[in-house]
Amino acid sequence: MLNLSPDLLIARGYHRECYQHPEDKDRCVKIVVHGGTEETRREQAYYRLLEKRLGDWRGIARFHGNVDSNLGSGAVFDLIRDQDNSVSRTVSQYLENPELLPLHREGIIRALVKFRNYQLKNNIQTMSLKPWNFVYQLNHDTRGKIYLIDSLGNADFIPICSFSVFFGQRKIRRKWLKFIRLLEQHYPGSDSIQSFTCQLKTALTTG
Ligand SMILES: Nc1ncnc2c1ncn2[C@@H]1O[C@H](COP(=O)(O)OP(=O)(O)OP(=O)(O)O)[C@@H](O)[C@H]1O
Ligand SMILES: [Mg+2]
């Protein structure tokens with residue numbers, strides 16, 4: 001049984017707390033602290049489906065099964081770290097940081113378009129896309145990488161998009177249009193984020 005002490009807490013989302021795995025610095029353990037098990041069930045079902053058919057996992061934090069802990073059952077995932085070993089920041093952390101955003105906006109936009117294209121190519125379905133569910137991994141240069149760390153899955157009653165590339169791609173494109181709208185609505189007062197969003201919208205259309 002793993003002991004997840006408070007000093008191992010990395011971040012907290014709306015539903016889960018994310019802890020550094022006590023025995024592996026490249027993994028994290030997620031504990032549900034709010035809401036039921038439905039989202040966990042859906043996410044893990046989709047990971048099982050991807051395990052059968054996805055060869056290229058480059059943009060996804062992989063799932064490594066469930067473990068018992070002092071805080072209850074935990075789900076183990078890759079923990080995404082930058083080149084300097086610090087835990088990678090989410091896209092929303094970059095957006096909300098006026099010093100970092102200008103330095104990384106081009107890199108983040110390029111990486112988001114690349115991730116969207118990877119998703120289209122491999123028909124990877126998600127729930128709503130949110131900037132706090134992407135992390136941007138910094139490498140030695142300004143060409144970082146985007147990873148999706150949460151919200152993989154498909155909630156449709158008949159999940160045709162998980163199996164049909166045609167319908168799947170249409171749905172992925174719709175999710176990205178909604179992502180743009182979310183950025184516009186979530187940060188209405190920030191000029192730098194609005195111009196980021198505008199540039200991303202263009203890059204997604206042309207890229
Ligand atoms: N694999 C990971 N690598 C790096 N950081 C992570 C990873 N997984 C989660 N985090 C950090 O922990 C936070 C919360 O994790 P997660 O998004 O899984 O929780 P959640 O409660 O399901 O989120 P939401 O609020 O979107 O429902 C993330 O926003 C991110 O800051
Ligand atoms: Mg999240």
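**Close-up views of a predicted model**

**View 1. Glutamine 137 sits in strand 7.** Strands here are DSSP runs of E with at least two residues, and helices are runs of H or I with at least four residues, both numbered from the N terminus. This is a predicted model, in which local features need pLDDT of at least 70 and side-chain atom pairs count only at pLDDT 80 or more, while totals for chains, interfaces and linings use all residues. Residues are numbered from 1 along each chain as its sequence is written, chains are lettered from A and ligands numbered from 1 in the order in which they are written, and side-chain values use heavy atoms, with hydrogens and water left out. Is glutamine 137 buried or exposed? With a relative accessibility of 13%, glutamine 137 counts as buried, where buried means under 20% relative accessible area, exposed means over 50%, and partly exposed lies in between (1.4 Å probe, protein chains only). A polar atom of the side chain of glutamine 137 lies 2.8 Å from the backbone oxygen of arginine 81. When neighbours within four places in sequence are left aside, glutamine 137 is in contact (heavy atoms within 4.5 Å) with Ile80, Arg81, Asp82, Ser88, Gly144, Lys145 and Tyr147.

**View 2. The magnesium ion (ligand 2) is coordinated by Asn133 and Asp150.** The donor atoms are OD1 of Asn133 and OD of Asp150, at 2.1 Å; donors are N, O and S atoms within 2.8 Å of the metal (3.2 Å for Na, K and Ca), and water is not among the atoms, so sites may look incomplete. The two residues are 17 residues apart and belong to distant parts of the chain, with asparagine 133 in the loop between helix 3 (100-122) and strand 7 (134-137), and aspartate 150 in the loop between strand 8 (145-148) and helix 4 (160-163). Asparagine 133 is buried, at a relative accessible area of 8%, whereas aspartate 150, at 24% relative accessibility, is partly exposed.

**View 3. Domain 1 (6-78) and domain 2 (89-206) divide the chain.** These bounds come from an automatic or database domain assignment, and the C-alpha centres of the two domains lie 20 Å apart. How many residues of domain 1 are in contact with domain 2? In domain 1 there are 16 such residues, and they are in contact with 20 residues of domain 2. About 1500 Å² is buried between the domains, with carbon and sulfur atoms giving 56% of this area; buried area is the accessible area (1.4 Å probe) that two parts lose on being put together, summed over both. On the side of domain 1, Arg42, Tyr46 and Arg58 lose the most area to domain 2, and together they account for 35% of what that side buries.

**View 4. One salt bridge is found across the interface of domain 1 and domain 2.** A salt bridge is a side-chain nitrogen of Lys or Arg within 4 Å of a carboxyl oxygen of Asp or Glu. The interface of domain 1 and domain 2 also holds 11 residue pairs in polar contact, with both residues at pLDDT 80 or more. Helix 1 (residues 38-53) supplies 7 residues, the largest share of the side of domain 1 that touches domain 2. Arginine 16 forms a salt bridge with aspartate 150, with 2.9 Å between the closest N and O atoms, and Arg16, Glu43 and Asp150 are linked in a network of salt bridges.

**View 5. Serine 162 lies in helix 4.** This serine 162 is buried, at a relative accessible area of 4%. Its side chain makes a polar contact of 2.9 Å with the side chain of asparagine 154; a polar contact is a pair of N or O atoms within 3.5 Å, where within protein one must be able to donate a hydrogen and the other to accept it, and residues adjacent in sequence count only if both atoms are side-chain atoms. Apart from residues up to four places away in sequence, serine 162 touches Tyr46, Arg53, Asn123, Gln125 and Asn154.

**View 6. Aspartate 156 and lysine 171 form a salt bridge, with the closest N and O atoms 2.8 Å apart.** Aspartate 156 is in the loop between strand 8 and helix 4, and lysine 171 is in helix 5 (residues 165-186), so that distant parts of the chain, 15 residues apart, are linked. Aspartate 156 is partly exposed at 33% relative accessibility, whereas lysine 171 is buried at 7%.
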